[in-house]
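Subject: The structure I promised you

Hello,

Here is the structure we talked about, ready for you to open. Have a look at it first, and then read on for my notes.

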Amino acid sequence: MKLIRFGVSIPEDLCRRFDAHIARKNYPNRSESIRDLIRNELIEEEIKQNTEVVGVLHLLYDHHKRELSDRLTDLQHENRHLVLSSMHIHLDHDNCIEVILIRGKAQEVKNLANSLIATKGVKHGRLNITSTGTNLA
Ligand code: NI
């Protein structure tokens, strides 16, 4: 992969704040951080354009809640064309965490994730979207 170098002019104060941000995020240098900022922006664009994305969803719930596990499983079966894989971990006596990989159009991925998160009894859920993008090297 060929790397391109380019100069960027930004106000001193903004640069100082950016360097502090880079340090907090443990980036080795500005370049790696800027590359990630660009990739994040491109992924946001893909999400808006409803292209194919991959979502990683986690759900935290109490498996004692009546019929909750069944409802979550039913939803995944109904959308099995989107669900790539799931992992269930018994965290403690009450709590389970489920990590579900979802691939599809951005809107489909978000809709399924929202339905799962909104299921009564789910304590916490969050979706992270990444891209299968070929332009993120
Ligand atoms: Ni469990």
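This is a predicted model: local features need pLDDT of at least 70, side-chain atom pairs count only at pLDDT 80 or more; totals for chains, interfaces and linings use all residues.

Leaving aside residues up to four places away in sequence, Thr-130 touches Ile-43, Val-53 and Val-54.

Now the overall picture. The protein has four helices and four strands, and along the sequence they follow the pattern α-α-β-α-β-β-α-β. The protein is divided into domain 1 (12–48) and domain 2 (52–131), and the centres of domain 1 and domain 2, taken over C-alpha atoms, are separated by 29 Å. The radius of gyration is 19 Å, whereas a compact globule of 137 residues would have one near 14 Å. Along the principal axes, the C-alpha atoms fill a box of roughly 60 × 30 × 25 Å.

Of the 137 residues, 28% are buried. The accessible surface comes to about 9700 Å², and carbon and sulfur atoms hold 50% of that. Among contacts with a separation of 6 or more, 66% are between residues 24 or more positions apart. As for charge, there are 20 positive and 19 negative side chains, and the centres of these two sets lie 5 Å apart.

Ser-33 belongs to helix α2 (residues 30–48). Ser-33 counts as buried because its relative accessibility is 1%, and the cut-off for buried is under 20%. Its contacts, again without residues up to four places away in sequence, are Phe-18, His-21, Ile-22 and Tyr-27. Gln-107 is in helix α4 (residues 106–118) and is partly exposed, with a relative accessible area of 40%. Gln-107 and Ile-47 are 60 residues apart in sequence, yet 7.7 Å apart in space from C-alpha to C-alpha.

Finally, a word on backbone angles. Most residues other than glycine have a negative phi. You will find Asn-50 in the loop between α2 and β1 (52–62), partly exposed with a relative accessible area of 32%. Glu-67 also has a positive phi, near 65 degrees. That residue lies in the loop between β1 and α3 (68–78), and Glu-67 is partly exposed because its relative accessible area is 47%.

Conventions. Residues are numbered from 1 along each chain as its sequence is written. Side-chain values use heavy atoms; hydrogens and water are left out. Helices (H or I, at least four residues) and strands (E, at least two) are DSSP runs, numbered from the N terminus. The radius of gyration is taken over C-alpha atoms; the globule rule is 2.2 Å times the number of residues to the power 0.38. Buried means under 20% relative accessible area, exposed over 50%, partly exposed in between (1.4 Å probe, protein chains only). Contact means heavy atoms within 4.5 Å. Accessible areas come from the Shrake-Rupley method with a 1.4 Å probe; for residues, only the protein chains shown count as cover. Lys and Arg count as positive and Asp and Glu as negative; His and the chain ends are not counted. The place of a charge is taken as NZ of Lys, CZ of Arg, CG of Asp or CD of Glu. Domain bounds come from an automatic or database domain assignment.
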